[in-house]
Amino acid sequence: MKSIISLAGQWNFKLDKDNKGIEEKWFDGILSEKIKLPGSTDEAGYGGKTNEKDPHRLSRVYEYIGAAWYQKEVFISEEFKDKSIVLFLERCHIETRVWVDGKEAGMQDSLCVAHNYDVSSFMTPGNHILTIRVDNTVKYDVGVNAHSVTKETQTNWNGVIGKIQLEAYDKVRIADVQVYPDIERATAKVIVSLQNDSNEAVRGKLSLNASTWNTKMLQSLSELEVSFDFQDKSKVIEVEYEIGSKMQLWDEFSPAMYKLTACIDGETDSCKFKHSNSVDFGMREFKALGLQFMINGRPTFLRGTLECCVFPLTGYPPTDVESWNKLFKIAKDYGLNHIRFHSWCPPEAAFTAADTAGLMLQIETPVWTVLGEDPEVDEFIYKEGERILRAYGNHPSFCMMAVGNEPSGENMNKFLSKIVSYWRNKDSRRLYTGCAGWPEVSENDYHCIKNRKEVLRAQDWLANLSGRLNAKPLTTDFDYNEQIADCAVPVVSHEIGQWCSYPNFKEMDKYTGVLEPRNFEIIKDSLIQKGMFEQAEDFLKGSGKLQTLLYKEDIEAALRTKGFGGFQLLGLTDFPGQGTALVGMLDTFWESKGYVDETEFNRFCCETVPLLRMSKVVWTNNETFKGSIEIANFGASPIEGAIVVWQIENKNGNKVAYGESAPVSLPVGNGIKVSNIELKLNAIDESSELIVTVAIKGTKYSNSWSIWVYTDKLDLTVPKEIVMTQSLEETISELRQGKKVLFMPVMDQFISNDIPAGFTTIFWNTAWTRGQKPHTLGVLCNPENPALKNFTTDFHTNWQWFDLITKSKFMVLDGLNAGFKPIVQIIDDWNKNRKLGLLLEGRVGHGELLMCSIDLNSNIDERPVARQFLYNLFRYMESVDFSPKNHIEIEQLKAIFL
């Protein structure tokens, strides 16, 4: 039988800053300080107190790297006499060495699985001193940014954070159980490994029992019993276990779990033994067929995000199932079915939670480094891979495995080809790929690719302004069909998105643990100094709305791609390191930032999504709007007799047009064409935003897009009372004469900055990407301002702003009076916090100024949005509403220019 002695609680403790503990034999003495385990030195307040503020990441309150010693007195009762005793240490960081009563029991260094020590020969009945040395010095060159050890996310903590216990067994026990489902035959191959520590011949029986435990219809399977006898130290028994015709399958919609209990009962010449071991498994098959992932013979599409070991309260991942249940429920609520663990492997609890949530996981060994060059690193990866497969291989959620992230090295392809083949031959329960990001080695079961033919990720890493969402106006007709056409295996787009929002300063109060948001403090102080802190919430919401639009288009482009494997976002949540990458719709605590919720996100990110292909989103009223409706249906089954409805309405909710399809069958898959929409726009006689909605009648599946319609005929005659000029000198002269001046300076001559005018938000952040463009986070304005009365807009950037933003220069307005706000503001990079604008007004001398740094002159006849904006300015300036209150001095105006 198995008995457990928990060792959780208070331990004696001592830091070994000078690494002298082994030489001085600390394992023979009694350590004087105290610490609580499970836990870390950071949580206990050991290590150096840090004071510096790092603008690029969260800051540890206490930091310690090196050896630390943990010690506890343990009592072994008489009932454990002649038992096999194992010390179980879950989630250690990094290397552990163990002594019992001064005698060393071994060393282990896995970052991914529990450290297990056989201490049978040391722990006889009575009192013993157990000493554990934990050294968090990075032993292998896994890469400074690997999330298994990096200070950019979880921190390189020291300690033991999971279960700490002694496990006592009879001399003959079950060492391991592995279950290999075969859904075609409705059976499971069960491999039971027995361990014999008795040094005697063994004889007995093995029985297997399994039943479902989380399904509505509980299923109990027949018992299978086999006899065994052997004399060696170990024995492997392989049997085929009948699941039967009532087999319940595991997938994201119905994650049916079976619990298999293996029991042995027998005797040796001198004693009897009995032991049982239970493992959970699911009947599922995850395969690749051509370009498509298949689960249980049905196409599936990965809708994923990254988990980069971001746990700011503890600095390390939780080891309890409840914590993971909470995170995974949020992921599911946001329409996801997949999590990639970037360059680290989570604890057992994460797999258990993912099993019941129906999430498909990509697990990685703990590396982001050079491969095929360092034999010690390569051997460590092989060992970690084997340990991961053995420890977590039964979990049906464990669908995919990769070596790590974005490798380097001249020999990386050779190394990755070899290890992928090795893993596949060893364990066929999942799919394998070399690394996330690159390369496409031929042995890969699938590719997780960053930049296939330079467009698979929506942005180009070093020249974002050339990426499709900055280079050209939006077309929802874009897909990746051409880029994957010559692939032989499924493709998952790597780390798409990375669109930033502005910092959420309300989040700062949540940091009550081992990490402090000093990077946010720096940004906050800067914003206060610039006199714009009262706008922080508006900056967050304005940038967040644009961020959401960009993620929507990225996701829909993937869904429009026929046979695509799926996507991995970076990310649903913020990444607090590597320059401070505020790329999530959720913060680092998996909580909403307030500008998009799961209901809205779920409309374009879930199992079944209506899609609309359009050549453009900006139209004129002498055109006919045309759109093509498609459905991406990766639900549990086809939708038969579906009626797809569409409607177009204006912003006031008034219906402009409506239509519905005849009943159609929507098979599982994407690229399912349904019908076309055509609408003549000649009845629209003013600037309008229209909402196009496509839905599957009688279901929750509905999705919407905005289009903008502008009249083709506008009177762009300059009103007589207005002076329109591109000259600063003329502007000043006319203002001194008390005139109304519309000043639109020449783009390349006057504006005194080189801030690139990009449409999207910042990609990742400007610090980490060496100033990659764009440097800004979108438009902020008040739609109710009379200056925008004739220009339809939200308070944030939407797609109609593309032409205006990309053909503009951003004005730096730091020299204007405190509290001055432009009519159309640009949200700046949080590292700069400049006051930027596209449109402002002010009283200069006796005159009234409206100043616009958008190009409203070039090719105006071919730019309907620019025409409308110029028309809007004319109407505003000739109205009684144009009466600027802010005073601008001549010298302040000049300071904006060279």
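Glutamate 553, leaving aside its neighbours within four places in sequence, is in contact with Arg468, Leu469, Leu474, Thr475, Thr476, Arg560 and Trp799 in this predicted model. The residue lies in helix H9. With a relative accessible area of 3%, glutamate 553 is buried, since residues under 20% are counted in that class.

Threonine 561 is placed in the loop between H9 and strand E35 (566-570). Its relative accessibility is 0%, and threonine 561 therefore counts as buried. Neighbours within four places in sequence being set aside, the contacts of threonine 561 are Asp479, Tyr480, Asn481, Ile484 and Asn670.

Helix H9 (536-560) also takes part in the packing of helix H8. Helix H8 covers residues 518-529 and has 12 residues. From its first C-alpha to its last, H8 reaches 17 Å, close to the 16 Å expected at 1.5 Å a residue. The buried residues of H8 are Arg518, Asn519, Phe520, Ile523, Ser526 and Leu527. These buried residues pack against strand E6 (59-60) and strand E34 (515-516) as well as against H9. H8 is followed by glycine 531, whose phi is positive, near 75 degrees.

Helix H4 (residues 375-392) was examined in the same manner. Its 18 residues should span 26 Å at 1.5 Å a residue, and the end C-alpha atoms are 26 Å apart, which agrees with that expectation. The buried residues of H4 are Val377, Asp378, Phe380, Ile381, Tyr382, Glu384, Gly385, Ile388, Leu389 and Tyr392. The elements against which these residues pack include two helices, H3 (348-357) and H5 (412-426). The strands that they pack against are E17 (172-182), E29 (360-367), E30 (398-404) and E31 (431-433).

Backbone geometry was considered next. Most residues other than glycine have a negative phi, and most peptide bonds are trans. Against this background, leucine 570 and glycine 571 are joined by a cis peptide bond, with omega at about -5 degrees. Glycine 571 is placed in the loop between E35 and helix H10 (598-604). The peptide bond from lysine 773 to proline 774 is also cis, and its omega is near -5 degrees. Proline 774 belongs to the loop between strand E47 (740-743) and strand E48 (776-781).

Glutamine 578 has a phi of about 50 degrees and is located in the loop between E35 and H10. At 5% relative accessibility, glutamine 578 counts as buried. Asparagine 859 likewise has a positive phi of about 50 degrees, and its place is in the loop between strand E52 (847-852) and helix H13 (864-877). Asparagine 859 has a relative accessibility of 55% and so counts as exposed, the limit for that class being over 50%.

Lysine 720 is another exposed residue, with a relative accessibility of 87%. Its place is in the loop between strand E45 (702-710) and strand E46 (722-725). Lysine 720 and glutamate 734 are 14 residues apart in sequence, and the distance between their C-alpha atoms is 14 Å.

The chain was finally described as a whole. Its secondary structure comes to 14 helices and 52 strands. The radius of gyration is 32 Å, close to the 29 Å that the globule rule gives for 898 residues, so the chain is as compact as a globular protein of that length. Along its principal axes, the C-alpha trace spans about 110 × 70 × 45 Å. Buried residues make up 62% of the 898 residues. Of the contacts between residues at least 6 apart in sequence, 72% join residues at least 24 apart. The accessible surface of the chain comes to about 34100 Å², and 47% of that surface belongs to carbon and sulfur atoms. The side chains include 98 positive and 122 negative ones, and the centres of the two sets lie 2 Å apart.

Definitions and conventions. Residues numbered from 1 in each chain as written. Predicted model: local features only at pLDDT ≥ 70, side-chain atom pairs only at ≥ 80, totals over all residues. Heavy atoms only, no water. Helix = DSSP H or I, 4+ residues; strand = E, 2+ residues; numbered from the N terminus. Rg over C-alpha atoms; globule rule 2.2 N^0.38 Å. Buried < 20%, exposed > 50% of the residue type's maximum accessible area, 1.4 Å probe, protein only. Contact = heavy atoms within 4.5 Å. Areas by Shrake-Rupley, 256 points an atom, 1.4 Å probe, with all protein chains shown as cover. Lys, Arg positive; Asp, Glu negative; His and termini not counted. Charge placed at Lys NZ, Arg CZ, Asp CG, Glu CD. Expected span 1.5 Å × (residues − 1).
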